Amino acid sequence: MKTIIWQDFEQVELRVGTIIKAEVFKQAHKPAYQLQVNFGEDIGIKKSSAQITDLYTTKELIGKQVIAVVNFPPKQIGPMMSECLVTGFYNEEGAVILAVPDKPCKDGVKLG
């Protein structure tokens with residue numbers, strides 16, 4: 001494991017957002033969803049591709065709050081431009097468990 005300094009961590013914008021739209025990403029090479037996540041007034045709505053189809057349906061994702069990195073440069077993933085990285089943890093089978101706040105938070109709040 002590589003050690004970082006505090007200033008490195010401070011540069012990462014980990015924010016809470018609410019998923020407002022989730023669709024199957026038909027053009028993805030691996031099963032994935034296209035998400036739209038609302039990060040509040042200051043940041044707005046950002047799109048993301050997420051390989052979370054093993055444990056989540058599109059229907060149950062709507063309204064779910066997630067933690068995402070919002071200051072990576074946009075990344076082209078097939079026909080879509082991903083604007084944030086929704087975070088999660090791999091379980092023993094390799095499926096992603098979303099990183100979520102355990103209580104409701106205001107959209108856009110920074111992890112600190």
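Colleague: How many residues are in the largest nonpolar core, and which have the most contacts inside it?
Modeller: The largest nonpolar core has 17 residues, and those with the most contacts inside it are Ile 19, Leu 35, Val 37, Ile 52, Leu 61, Val 86 and Leu 98. Such a core is a set of buried Ala, Val, Leu, Ile, Met, Phe, Trp, Tyr and Cys residues joined through side-chain atoms within 4.5 Å. Buried means under 20% relative accessible area, exposed over 50%, and partly exposed in between (1.4 Å probe, protein chains only). This is a predicted model: local features need pLDDT of at least 70, side-chain atom pairs count only at pLDDT 80 or more, and totals for chains, interfaces and linings use all residues. Residues are numbered from 1 along each chain as its sequence is written, and side-chain values use heavy atoms, with hydrogens and water left out.

Colleague: Which elements give two or more residues to this core?
Modeller: Those are β1 (14-24), β2 (33-38), β4 (65-69) and β9 (96-98). Strands (E, at least two residues) and helices (H or I, at least four) are DSSP runs, numbered from the N terminus. β2 gives the most to this core, with 3 residues.

Colleague: What does Ile 19 touch?
Modeller: Leaving out residues up to four places away in sequence, Ile 19 touches Leu 35, Gln 36, Val 37, Leu 61, Ile 62, Gly 63, Lys 64 and Val 66. Contact means heavy atoms within 4.5 Å.

Colleague: Switching to Leu 55, where is it found?
Modeller: Leu 55 is in the loop between β3 (45-50) and α3 (58-61).

Colleague: Why does Leu 55 count as partly exposed?
Modeller: Because its relative accessibility is 38%.
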